[in-house]
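The sequence and structure are shown first.

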Amino acid sequence: MPMDAREIERLIRDALPDAQVTIRDLAGDGDHYAATVVSEAFRGKSRVQQHQIVYQALKGQMGGALHALALQTSAGPTPEPDTAKGYVL
């Protein structure tokens, strides 16, 4: 049984509450999705580590109910240094 896009988004948000999540059904078949996930939890992590976090959030659904997921992840924009105070906000 295919996985619903709302369920994918819910699982990701449960694991990463601050995440901005966009899910697209690539083939209209409920099996092939693209996800863009932006979360501060990814900051300082490699792309592989970021993807692993998302796969863990999907609780074993990859390769089963969810056949394919094209994944783009990021921590969002890099904070600008506060030069007056000498640290990053």
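The sections below treat the core, a histidine in a helix, and the salt bridges of this predicted model.

**Nonpolar core**

The largest nonpolar core comprises 20 residues, of which Ile-8, Ile-12, Val-37 and Leu-58 touch the most other members. Helices and strands both contribute: at least two residues of this core come from each of α1 (5–15), β1 (20–25), β2 (32–38), α2 and β3 (68–74).

The surroundings of Val-37 can be given in detail. Leaving aside residues up to four places away in sequence, Val-37 touches Ile-12, Leu-16, Ala-19, Gln-20, Val-21, Phe-42, Val-54, Leu-71, Gln-72, Thr-73 and Ser-74.

**His-51**

Helix α2 spans residues 47–57 and includes His-51. Is this residue, His-51, buried or exposed? Its relative accessible area is 17%, and because the limit for a buried residue is under 20%, His-51 is classed as buried. With residues up to four places away in sequence left out, His-51 touches Leu-71 and Thr-73.

**Salt bridges**

Side chains of opposite charge can pair when their charged atoms come close. The structure holds five salt bridges.

| Residue | Partner | N to O distance |
|---|---|---|
| Arg-6 | Asp-4 | 2.9 Å |
| Arg-13 | Glu-9 | 2.9 Å |
| Arg-43 | Glu-40 | 2.5 Å |

The members of these pairs can also be described by their accessibility.

Glu-9 and Arg-13 both belong to helix α1, where they stand four residues apart, about one turn of the helix. Glu-9 is partly exposed at 25% relative accessibility, and Arg-13 is partly exposed with a relative accessible area of 32%.

In the pair formed by Arg-43 and Glu-40, the closest N and O atoms are 2.5 Å apart. Arg-43 counts as partly exposed at 30% relative accessibility; Glu-40 is likewise partly exposed, with a relative accessible area of 43%.

Which residues are linked in a network of salt bridges? Such a network joins Glu-7, Arg-10 and Asp-14.

Note on methods:
Residues numbered from 1 in each chain as written. Predicted model: local features only at pLDDT ≥ 70, side-chain atom pairs only at ≥ 80, totals over all residues. Heavy atoms only, no water. Buried < 20%, exposed > 50% of the residue type's maximum accessible area, 1.4 Å probe, protein only. Contact = heavy atoms within 4.5 Å. Core = buried A, V, L, I, M, F, W, Y, C linked by side-chain atoms within 4.5 Å. Salt bridge = Lys/Arg side-chain N within 4 Å of Asp/Glu carboxyl O.
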